[in-house]
Amino acid sequence: MKDEADQYEQRWARYLNVTHSKLLASLPAGAAPRSILDLGCGTGLLLTKLRQHYPDAQLTGVDRSGAMLDQARQRLPQATFIETDLARLHLNPRQYDLIVSSSVFHFVDVALVLSQITPALDPNGWLVVVDYSGESWFRAVGWLYDHFLEAQQALSRRQLARQLTAAGLTVEHQQQFRWRWYLLQVVTAQPASPNRHYP
Ligand SMILES: C[S@@+](CC[C@H](N)C(=O)[O-])C[C@H]1O[C@@H](n2cnc3c(N)ncnc32)[C@H](O)[C@@H]1O
């Protein structure tokens, strides 16, 4: 696992550049988060980029891989890192202004993770997620998932939007994009406000 962590950024450099750029471009204009949580932060590369946008924010990363977190800790000694499975995450209510996740949701039970993180989001906070998009034609190449992506599932745009709504979030922006043969999506959501109307 340590070797994988060592080679991760080099091997996936272009992919990480594209996915992180999409996520950063989807950050709400004018947002000034004081506390940021990265779900499945890996080597901490995305947190490093977020620090450039929000230099005063407190950064927290969660990942189940100790080898990935070793690199993240070296890179961001002032940040907090939690080594745990996202299914076992225990967070304080309204703890974060911004929760992000990049290329992780296909590994996890999204409904379970959302049920844990939504209460931890400030009522004016934001969730921004980038991940594979499981649209039907892409799902058809299932062997790619099994043999290359090692994915548990990849939600379609509609499925992810439904999960977010069911968890008490409002989808503000959702966009699908491609990189090479990958189909991806980025979504921005906020806690639902009692004043908003939902169909
Ligand atoms: C493809 S990497 C993405 C890393 C990082 N988000 C990025 O964009 O560079 C997926 C990461 O999710 C972590 N991960 C996968 N499933 C997880 C789970 N159930 N709980 C915590 N971390 C998980 C892996 O250890 C790995 O670091």
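Residues are numbered from 1 along each chain as its sequence is written. Because the model is predicted, local features need pLDDT of at least 70, side-chain atom pairs count only at pLDDT 80 or more, and totals for chains, interfaces and linings use all residues.

The ligand is surrounded by 18 residues. The closest are Gly 40, Gly 42, Ser 65, Ser 102 and Phe 107. The shell holds ten nonpolar, five polar and three charged residues. Here Ala, Val, Leu, Ile, Met, Phe, Trp, Tyr, Cys and Pro are nonpolar, Asp, Glu, Lys and Arg are charged, and the others, Gly among them, are polar.

Helices (H or I, at least four residues) and strands (E, at least two) are DSSP runs, numbered from the N terminus. Arg 94 lies in the loop between β3 (80-83) and β4 (96-102). Its phi is positive, near 55°. Ser 103 sits in the loop between β4 and α5 (110-117). Ser 103 also has a positive phi, of about 60°. Neighbours were counted as other C-beta atoms within 10 Å, with C-beta atoms placed from the backbone: 20 or more means buried, 12 or fewer exposed, and in between partly exposed. Arg 94 has 15 and is therefore partly exposed. Ser 103 has 23, so it is buried.

Strands β6 (residues 169-179) and β7 (residues 182-191) run antiparallel, joined by ten bridges. Two strands pair if DSSP finds at least two bridges between them. Gln 175 has Val 186 in β7 as its bridge partner. Two residues separate the strands of this hairpin, where Arg 180 takes a positive phi near 50°.

Key
Near = placed C-beta within 6 Å.
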